[in-house]
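Please read them with the structure open.

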Amino acid sequence: MKIWIFAEAEGDAPSTATLELCTKARELADTVECVYAGSNADALAGPLGEYGVTTLYAADVGDRLVGVVGAAAIAALVDEHRPDIILFAQTYDGRDAIARLSARLDRPVLTNGSSLTVDGDTVKVGTAIFGGNTLVDAVFEGPKPYLAAIRPKSFSAEPAGGGAAAVVPVSGLELGRAGEATVLARHVEEREGPKLEEASIVVSGGRGLGSAEAYEQLVEPLAKLLGGASGASRAIVDAGWVPYSKQVGQTGKTVKPKVYIALGISGATQHMVGMKGSDHIIAVNKDGEAPIFSVADLGIVGDVHKVVPKLLEALQARG
Amino acid sequence: MNVVVCVKQIPDPAVPGELNPDHTLKREGKLILDESDSYGVEMALQLRDAAGEGEVILVSMVPNQEVSGLRQALAMGADRAILVSDDALHGADALTTAKVLARCVERAGAVDLVLAATESTDGYTGTVPAQIAELLGWPSLTFAKHVELADGKAQIQRQTEAGYDDVVAPLPAVVSVTAGVVEPRYPSFKGIMAAKNKPVDQVTTADLGLGPDDLAPRQRIVNVAAAPARQAGEKIEDDGTAHERIVAFLEELKVV
Ligand SMILES: Cc1cc2nc3c(=O)[nH]c(=O)nc-3n(C[C@H](O)[C@H](O)[C@H](O)COP(=O)(O)OP(=O)(O)OC[C@H]3O[C@@H](n4cnc5c(N)ncnc54)[C@H](O)[C@@H]3O)c2cc1C
Ligand SMILES: Nc1ncnc2c1ncn2[C@@H]1O[C@H](COP(=O)(O)O)[C@@H](O)[C@H]1O
């Protein structure tokens with residue numbers, strides 16, 4: 001069994017989601033290799049090797065889209081190398097890549113996966129549907145390679161201690177008109193404190209806060225005091241109170257912190273699918289019937305404008 | 001400016017979802033316009049009106065001839081629709097959907113732009129727009145939170161993990177838009193009346209030149225189970241001291 005992973009980078013390191021996939025692939029396959037679209041493959045080869053990757057096929061991306069170049073690179077290599085499964089993280093670039101590749105190779109996709117099992121030639125992908133209430137397992141039929149996208153945080157990332165992966169450059173790719181899309185500029189939103197997906201405490205706010213100012217006065221300081229990250233429901237992202245990078249849920253980030261604190265969030269299934277895996281959940285909502293209470297270890301039926309300022313004061317007093 | 005908008009008609013998301021005995025999603029009865037697609041419809045109307053000419057053409061694929069969702073989008077101001085409805089599409093996967101929709105785009109005539117949502121509310125595969133682009137051989141600009149057209153090009157702000165990128169591509173192209181990219185209008189009474197008489201071109205997969213081989217499902221659901229439920233814990237009414245309980249809880253967890 002040979003598994004390929006579409007590797008993504010965060011700066012000069014493989015993304016955590018990539019390492020999660022490598023760890024899982026190692027458990028299932030004898031050969032784990034990565035395909036990467038970017039300019040700094042050499043920097044990734046060491047860390048990927050530690051997670052069991054032996055070869056890193058690397059295509060330069062320049063100002064093209066990562067998903068477009070990644071799909072073209074995989075398409076150019078599959079016939080020769082015949083991977084059984086190709087895994088993608090359910091990220092923006094991962095989704096572009098798996099979509100383009102699926103159409104190019106004429107293979108179906110299973111996406112939003114949260115588990116992956118291999119039994120002989122049967123490859124099964126588990127997905128949570130209906131906002132995480134129901135788990136379905138689907139299998140691929142027809143010819144390989146099988147293409148699956150897995151949500152970040154589905155597996156844990158653990159190094160195995162191998163040497164650096166061999167970097168094999170890939171060039172002369174056929175991008176067609178897809179290659180006419182050009183990245184003009186990249187904008188990185190500023191962030192203080194830990195990353196949302198990695199923070200051990202996440203404080204999220206929702207529409208119940210009433211205003212963007214309340215988010216700044218209640219959510220941000222509480223996250224900061226607890227050394228955590230601030231998150232949000234989609235309602236307030238769409239309303240423009242906070243940037244999209246803070247969104248937790250089906251279309252946002254999946255978080256699994258030690259403590260998740262939901263302030264003025266109703267607990268729509270699409271929100272809960274992104275935070276239900278937290279170790280402990282605290283919710284403050286003035287509606288005692290709010291669905292968020294069905295998952296909260298500590299539920300406070302109350303007004304965020306009354307509870308949170310006192311909480312901030314009490315925590316500050318402790319120093 | 002001719003813009004095709006992919007609009008999915010879905011069961012009311014407020015009603016809990018159900019699966020058929022063969023494990024496919026239940027999509028019977030009245031379907032509504034996926035709210036996620038109302039943004040694409042609005043964006044298309046604004047682009048058509050800014051250009052001062054052209055059409056907004058809806059394309060939709062359903063298993064049951066349903067047009068209620070399409071009528072909602074026609075009432076907003078779209079000009080016409082192509083509806084693919086065919087028993088052969090029952091349980092169609094994302095790539096099959098993309099094949100059908102790509103053929104609809106070709107059927108629509110000279111098209112400058114295809115708009116879709118980044119993911120549907122009920123299926124949320126999130127791959128259909130880029131699959132359509134690949135099948136048409138067009139560039140795709142996905143996850144757009146802002147869209148501008150000028151000089152035969154589409155320029156977007158593309159959502160990224162870290163922030164956003166400015167990305168540009170020459171037309172024709174496929175653009176997928178996130179919720180909130182524009183504010184969708186409510187259909188006016190006049191719009192609702194007019195929608196009743198707008199043309200809906202009802203086609204089958206055979207009309208689109210797709211045969212059973214193109215549509216055969218290549219993935220199968222083998223198991224469905226309820227997810228392990230989380231237990232609700234302690235719930236208290238705030239009597240002015242609830243913050244103390246939160247502090248104590250955080251202390252028990254040793255995070256403060
Ligand atoms: C395809 C799709 C994808 C989606 N993806 C996501 C996603 O990734 N993430 C996400 O979050 N949502 C997502 N949604 C949206 C989701 O369905 C909900 O609309 C959203 O989560 C609601 O946000 P909210 O809880 O902040 O707002 P609301 O549902 O409006 O809830 C506000 C809550 O605040 C409470 N409240 C009001 N005032 C106070 C007060 N003073 N003190 C305390 N409580 C108060 C109210 O009782 C209420 O429960 C998605 C929807 C679709 C269709
Ligand atoms: N059956 C369909 N009919 C029309 N458009 C669709 C259909 N399925 C998907 N789309 C479009 O593709 C987007 C992404 O869908 P999905 O890949 O299923 O998450 C949707 O939001 C629609 O814009």
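## Notes on the predicted model

1. Asp96(A) counts as buried, at 4% relative accessibility. The cut-off for buried is under 20% relative accessible area. Bear in mind throughout that this is a predicted model. Asp96(A) sits in helix α4 of chain A, which covers residues 92–105.

2. What does the side chain of Asp96(A) make a polar contact with? The partner is the side chain of Thr142(B), at 2.8 Å. This contact joins a residue of chain A to a residue of chain B. Setting aside neighbours within four places in sequence, Asp96(A) is in contact with Gly67(A), Ala130(B), Thr142(B), Phe143(B) and Arg158(B).

3. Now take Pro169(A). Is Pro169(A) buried or exposed? Pro169(A) is exposed, because its relative accessible area is 69% and the exposed class begins over 50%. The residue belongs to strand β11 of chain A, residues 166–170. Its C-alpha atom is 20 Å from that of Gly94(A). Along the chain, Pro169(A) and Gly94(A) are 75 residues apart.

4. Next, the nonpolar cores. The largest has 54 residues. Which of its members touch the most others? They are Ile74(A), Phe88(A), Leu101(A) and Ile132(B). Note that this list draws on both chain A and chain B. Helix α3 of chain A, residues 66–81, gives the most to this core, with 8 residues.

5. Phe88(A) deserves a look of its own. Residues up to four places away in sequence are left out here. Phe88(A) then touches Phe6(A), Leu21(A), Ile74(A), Gly94(A), Ala97(A), Ile98(A), Leu101(A), Ala148(A), Ala149(A) and Ile150(A). Ile74(A) and Leu101(A) are among these partners, and both are also named with Phe88(A) among the core members that touch the most others.

6. Where does ligand 1 lie? Ligand 1 is between chains A and B. There are 26 residues around it, and the nearest are Arg207(A), Ser233(A), Thr251(A), Ser266(A) and Gln270(A). Three elements of chain A each supply at least two residues of the shell: α6 (234–238), α7 (269–272) and α8 (304–318). By class, the shell around ligand 1 holds 5 nonpolar, 16 polar and 5 charged residues.

7. Check the polar pairs at ligand 1. A polar side-chain atom of Ser233(A) is 2.6 Å from an oxygen atom of the ligand. A polar backbone atom of Gln250(A) lies 3.0 Å from an oxygen atom of ligand 1. A nitrogen atom of ligand 1 has a backbone N or O atom of Val304(A) at 2.9 Å. On its own, ligand 1 exposes 990 Å², and the protein buries 83% of that.

8. Ligand 2 is surrounded by 19 residues. The closest are Val7(B), Asp37(B), Met61(B), Ser120(B) and Gly126(B). In chain B, β4 (56–62), α3 (94–107), β6 (113–117) and α4 (128–136) each supply at least two shell residues. Which element gives the most to the shell around ligand 2? It is β4(B), with 3 residues. The shell divides into 10 nonpolar, 6 polar and 3 charged residues.

9. The listed polar pairs at ligand 2 use backbone atoms of the protein. For Met61(B), a polar backbone atom is 3.0 Å from a nitrogen atom of the ligand. For Ala117(B), the distance is 3.1 Å, to an oxygen atom of ligand 2. For Ser120(B), it is 2.8 Å, again to an oxygen atom of ligand 2. Ligand 2 has 480 Å² of accessible area on its own, and the protein covers 97% of it.

10. Last, chain B as a whole. The chain has 7 helices and 13 strands. Its C-alpha trace spans about 65 × 45 × 40 Å along the principal axes. Of its 256 residues, 51% are buried. Take contacts in chain B between residues at least 6 apart in sequence: 72% of them join residues at least 24 apart. The accessible surface of chain B is about 11000 Å², with 51% belonging to carbon and sulfur atoms.

Conventions
Residues numbered from 1 in each chain as written. Chains lettered and ligands numbered in written order. Predicted model: local features only at pLDDT ≥ 70, side-chain atom pairs only at ≥ 80, totals over all residues. Heavy atoms only, no water. Core = buried A, V, L, I, M, F, W, Y, C linked by side-chain atoms within 4.5 Å. Buried < 20%, exposed > 50% of the residue type's maximum accessible area, 1.4 Å probe, protein only. Helix = DSSP H or I, 4+ residues; strand = E, 2+ residues; numbered from the N terminus. Contact = heavy atoms within 4.5 Å. Near = heavy atom within 4 Å. Polar contact = N/O pair within 3.5 Å; in protein donor to acceptor, adjacent residues only side chain to side chain. Areas by Shrake-Rupley, 256 points an atom, 1.4 Å probe, with all protein chains shown as cover. Nonpolar A, V, L, I, M, F, W, Y, C, P; charged D, E, K, R; others polar.
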